[in-house]
Amino acid sequence: MSKKYFIPIFGGIDYRLSKLFSLEEDLTTDYHGSIDISVCEKTEPDEIIASMITGKPPQEHGILGSMHYTNPLVRKVEEILPEWGEMYRRKIYTNKGWDFCRRRRYIESEIETSTVFDQNICARPLFLPSYNPEIQWLIFRNTIRANEYPGLGEKESEKLIEKNFQWRKKVLEKELKRDYDLLMIHFQYIDSIQHVYYENNWDMEKVRKAYDRIGSYCNELIKSASSNGFDETIILSEYGVPSRTDSGDSHHRTPFYPSTTPLSGKSINVENILNQIELL
Ligand SMILES: [Zn+2]
């Protein structure tokens with residue numbers, strides 16, 4: 001009988017901040033370390049999580065970045081022309097009335113290789129970018145970035161972040177009681193808080209509070225998972241804090257993993273995690 005795994009992904013937990021805020025020590029997991037995402041070109045959840053669940057690099061699973069054009073002609077134009085002027089071209093596409101030319105986020109059917117959810121196990125994915133994202137995610141209203149919604153302000157941003165966090169917690173609470181070989185969920189909380197208080201307003205106390213909160217919540221989850229029959233809990237993040245400079249990456253390549261089971265390598269490879277525990 002193989003083991004039952006609970007794998008929550010907390011987007012944005014940064015390895016260095018986990019040390020700074022002593023999240024690393026506060027967690028009741030025996031093992032932890034950093035995740036190597038060098039196989040991915042873009043620090044976008046869709047691309048990185050697709051690598052986690054397929055065990056393949058982006059060139060093979062086909063999820064590149066976070067969005068894509070469904071119209072083949074537009075896709076070709078975007079491939080040929082360089083990055084600049086994209087906004088302008090998008091306007092032309094839309095004015096042409098080609099509504100389906102808009103960029104959109106990825107969903108399950110676009111992953112070109114098999115995933116862990118095709119294996120012969122009872123598995124449940126929840127809110128996974130690139131696979132079964134939440135509706136708000138698909139319509140670009142999930143990641144609360146103060147710079148994208150300047151009129152919203154910090155307080156209202158926090159309210160929305162909280163609402164989404166509570167909703168996912170509620171769903172998870174129910175699902176944890178069911179009998180799965182693998183339960184995977186994605187939380188946006190830390191990433192969203194970091195976009196408001198790290199990227200735009202330098203308020204590290206707010207960020208620290210968020211890490212403390214997630215630390216306690218993770219410890220609760222580890223207990224709850226174990227009492228509900230899961231053998232191991234592996235907590236993952238897909239990348240670290242948002243980038244505050246023009247480095248080319250939207251987030252730092254410093255994701256963190258705490259785990260109740262050992263994973264080999266000083267820094268585990270993102271495409272090799274589920275492989276290591278023999279789920280892929
Ligand atoms: Zn982000």
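Modeller: Helices (H or I, at least four residues) and strands (E, at least two) are DSSP runs, numbered from the N terminus. Residues are numbered from 1 along each chain as its sequence is written. This is a predicted model, in which local features need pLDDT of at least 70 and side-chain atom pairs count only at pLDDT 80 or more, while totals for chains, interfaces and linings use all residues. The protein chain has eleven helices and nine strands.

Biologist: How is a sheet to be read, and what is the strand order in the open sheet of four strands?

Modeller: Strands of a sheet pair through backbone hydrogen bonds, either parallel or antiparallel. Two strands count as paired if DSSP finds at least two bridges between them. In this open sheet the order is β5-β6-β1-β7, with parallel pairing. The edge strands, each pairing on one side only, are β5 (123-126) and β7 (232-233). Strand β1 (residues 5-10) is joined to β7 in the parallel sense over two bridges, and Y5 has E232 of β7 as its bridge partner.

Biologist: Which helix packs on the sheet, touching β5 and β6?

Modeller: Two residues are in contact if their C-beta atoms, placed from the backbone, lie within 7 Å. Axes are lines fitted to C-alpha atoms, for helices over the stretch in contact, and angles run from 0 to 180 degrees between N-to-C directions. The helix touching β5 and β6 (182-187) is α8 (residues 153-175), whose direction makes about 170° with that of β6.

Biologist: Which residues of α10 are buried?

Modeller: A residue is buried if 20 or more other C-beta atoms lie within 10 Å of its own, exposed if 12 or fewer, and partly exposed in between. In α10, the buried residues are V207, A210, Y211, I214, G215, C218, L221, I222 and A225. Their cover includes β1, α1, α2, α9 and β7. In α8, S157, I161, N164 and F165 are buried, and what covers them includes β6 and α9 (189-200). Over the protein chain, 39% of the 280 residues count as buried.

Biologist: How is β8 covered, and with what sense does it pair with β2?

Modeller: Both faces of β8 (residues 256-259) are covered, with F256 and P258 buried on one side and Y257 and S259 buried on the other. Strand β2 (residues 31-36) and β8 pair in the antiparallel sense over four bridges; S34 has F256 as its bridge partner in β8.

Biologist: Where do S22 and F127 lie, and what is the phi of each?

Modeller: Most residues other than glycine have a negative phi. S22, although not a glycine, has a positive phi of about 50°; S22 lies in the loop between α1 (15-20) and α2 (23-26). It is partly exposed, with 13 other C-beta atoms within 10 Å. F127 also has a positive phi, near 55°, and lies in the loop between β5 and α7 (135-138). F127 counts as buried, with 23 C-beta neighbours inside 10 Å.

Biologist: Which residue with positive phi follows α10?

Modeller: That residue is G229, with phi near 100°.
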